[in-house]
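Trainee: Could we go through this structure together, one step at a time? I would like to learn how each answer is reached.

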Amino acid sequence: MSPADTGASTTVGASLPASPDSPTDSRMAPGGPGYRRMSLALFLAGVATFALLYSTQALLPLISGEFGVAAGEASWTVAAATGGLALFVLPMSALSERYGRRTVMTASLAVAVAVGVLVPFAPSIGALVALRAVQGAALAGLPASATAYLAEEVRPKALVTAIGLFVAGNSVGGMSGRVITGWVAQEWGWRAAVGVIGALAVACAVAFRLLLPAPRHFTPGSLRPRVLLGTVRGHLANPLLRRLYAIGALFMTVFGGVYTVIGYRLTEQPFGLPQGVVGSIFLVYLVGTVSASTAGRLVGRLGRRGALYLAGGTTAAGLLLSLGDSLAPVLLGLVLITAGFFAGHAVASSAVSRTATTGRAQAGALYQSAYYVGSSAGSTVGALAFHSGGWAGTVGVGLLAVLGVVGITLCGTRAARVAARREPVPAH
């Protein structure tokens with residue numbers, strides 16, 4: 001993919017960059033004014049988003065035990081949250097086009113943490129699933145708005161790195177949420193555990209709002225449905241964007257399935273690990289923090305498609321290793337799955353931001369919608385496969401998804417070669 005200009009627009013009184021990454025470009029860059037504050041703010045937003053979104057995932061065996069439900073039914077506490085996000089991310093992105101990225105992100109976090117206060121008091125599995133769906137819908141204002149904010153406020157050459165830091169925040173949030181909930185739940189139960197995550201999210205939300213610089217290159221758009229539908233149709237007509245959306249969904253299918261089921265596998269024989277230790281297994285998310293934050297360098301060396309091939313191969317290798325019956329290969333497999341997933345996600349999501357020169361929030365929203373549909377599908381199908389075929393069934397679902405990633409990337413490689421052959425040879 002050739003690096004496309006992000007086409008950042010300006011608000012009244014802001015200066016339009018003369019050309020991407022030129023010395024007069026007023027957008028943020030590493031080492032420049034506001035860049036560190038922006039990076040930390042969005043990192044914390046990523047922490048809060050994933051900590052809340054997956055707060056029940058490591059607790060599913062305990063939730064199953066309290067409410068007397070099977071893994072497939074308990075997994076809906078995860079699938080409802082990610083499904084709510086997938087359903088509402090496009091409408092929320094439209095609001096961010098009209099009212100601003102920072103405003104929508106702040107409101108989304110505020111509502112999500114407010115719902116988080118109610119989650120520990122859910123009286124039934126149905127009420128818990130309903131609250132989680134509302135929480136996921138509230139969080140829908142974060143992902144697409146964040147990538148659109150970065151595309152408008154950060155210089156193009158720094159975009160992959162900036163989005164990688166946001167994704168790294170996702171990995172830290174996912175890790176801390178699961179580790180904290182595991183140990184807290186072991187002592188005081190799952191309700192206390194999700195309450196602690198709610199308090200963590202409140203702190204992240206406050207810090208985010210205080211740190212994030214005001215946008216300088218945002219122009220309000222239209223909320224008219226015809227304009228929105230036209231923008232969405234334009235993005236869906238772009239073959240590259242369609243491939244990136246499918247890749248994001250398939251990567252998340254693997255990740256959602258593996259991490260929804262892994263708690264059940266490790267608490268059962270031959271492992272029989274206590275809940276606190278199972279929660280600590282999610283420290284492997286730190287690997288995802290590193291792989292996501294270095295995605296920019298990976299793309300620089302291998303190109304976008306090369307990075308996606310490497311991410312897919314790493315994920316597949318991890319899935320196969322995790323089939324072992326001893327803890328060491330399972331842990332190594334989780335490390336590889338996590339590294340491959342977060343690298344692939346950072347590469348694909350940043351490619352969406354660079355490809356869309358208009359309607360960035362909608363382009364990002366479509367990616368996030370596909371991504372979280374993949375998460376919901378992975379959580380549900382992975383749990384059903386585990387119920388019917390054990391861990392091997394969940395791994396089989398993951399391998400099929402990785403095969404889809406590789407196949408789609410191969411199609412992109414072929415399309416790029418065909419396009420290159422069709423380009424006219426310059427006259428000498």
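Mentor: Let us begin with a definition: an angle over 145 degrees between two axes counts as roughly antiparallel, whereas one under 35 degrees counts as roughly parallel. Please also keep in mind that this is a predicted model.

Trainee: How are helix 8 and helix 13 oriented to each other?
Mentor: Two packed helices are described by the angle between their axes and the distance between the axes. For helix 8 (residues 159-188) and helix 13 (residues 285-293), the axes come within 8 Å and cross at roughly 175°. Angles over 145 degrees count as roughly antiparallel, and therefore helix 8 and helix 13 are, to each other, roughly antiparallel.

Trainee: Which residues of helix 13 meet helix 8?
Mentor: On the side of helix 8, the residues that take part include Gly164, Leu165, Val167 and Ala168. Sorted by class, the contact of helix 8 with helix 13 has eight nonpolar, six polar and one charged residues. From helix 13, the residues in this contact are Tyr285, Leu286, Gly288, Thr289, Ala292 and Ser293.

Trainee: How many charged residues are there in the contact of helix 11 with helix 16?
Mentor: The axes of helix 11 (residues 239-267) and helix 16 (residues 360-422) come within 4 Å and cross at roughly 160°. That angle makes helix 11 roughly antiparallel to helix 16. By class, their contact has 28 nonpolar and 15 polar residues, and the number of charged residues is two.

Trainee: Is glutamate 152 buried or exposed?
Mentor: Glutamate 152 lies in helix 7 (residues 143-153), a helix that is mostly covered, as 11 of its 11 residues are buried. A residue counts as buried under 20% relative accessible area. Because its relative accessible area is 3%, glutamate 152 is buried.

Trainee: With which residue does the side chain of glutamate 152 make a polar contact?
Mentor: Serine 145, which also lies in helix 7, is in contact with Ser96, Arg101, Val104 and Met105, leaving aside its neighbours within four places in sequence. For glutamate 152, the polar contact runs from side chain to side chain at 2.4 Å, and the partner is arginine 101.

Trainee: How far apart in space are alanine 138 and leucine 319?
Mentor: Alanine 138 is found in helix 6 (residues 125-139), and it is buried, with a relative accessible area of 9%. Leaving aside its neighbours within four places in sequence, alanine 138 is in contact with Met92, Ser108, Val111 and Ala112. Alanine 138 and leucine 319 are 181 residues apart in sequence, and their distance in space, C-alpha to C-alpha, is 32 Å.

Notes: Residues numbered from 1 in each chain as written. Predicted model: local features only at pLDDT ≥ 70, side-chain atom pairs only at ≥ 80, totals over all residues. Heavy atoms only, no water. Helix = DSSP H or I, 4+ residues; strand = E, 2+ residues; numbered from the N terminus. Buried < 20%, exposed > 50% of the residue type's maximum accessible area, 1.4 Å probe, protein only. Polar contact = N/O pair within 3.5 Å; in protein donor to acceptor, adjacent residues only side chain to side chain. Axes fitted to C-alpha atoms, helices over the stretch in contact; angles between N-to-C directions. Parallel < 35°, antiparallel > 145°, perpendicular 65-115°, else oblique. Contact = heavy atoms within 4.5 Å. Nonpolar A, V, L, I, M, F, W, Y, C, P; charged D, E, K, R; others polar.
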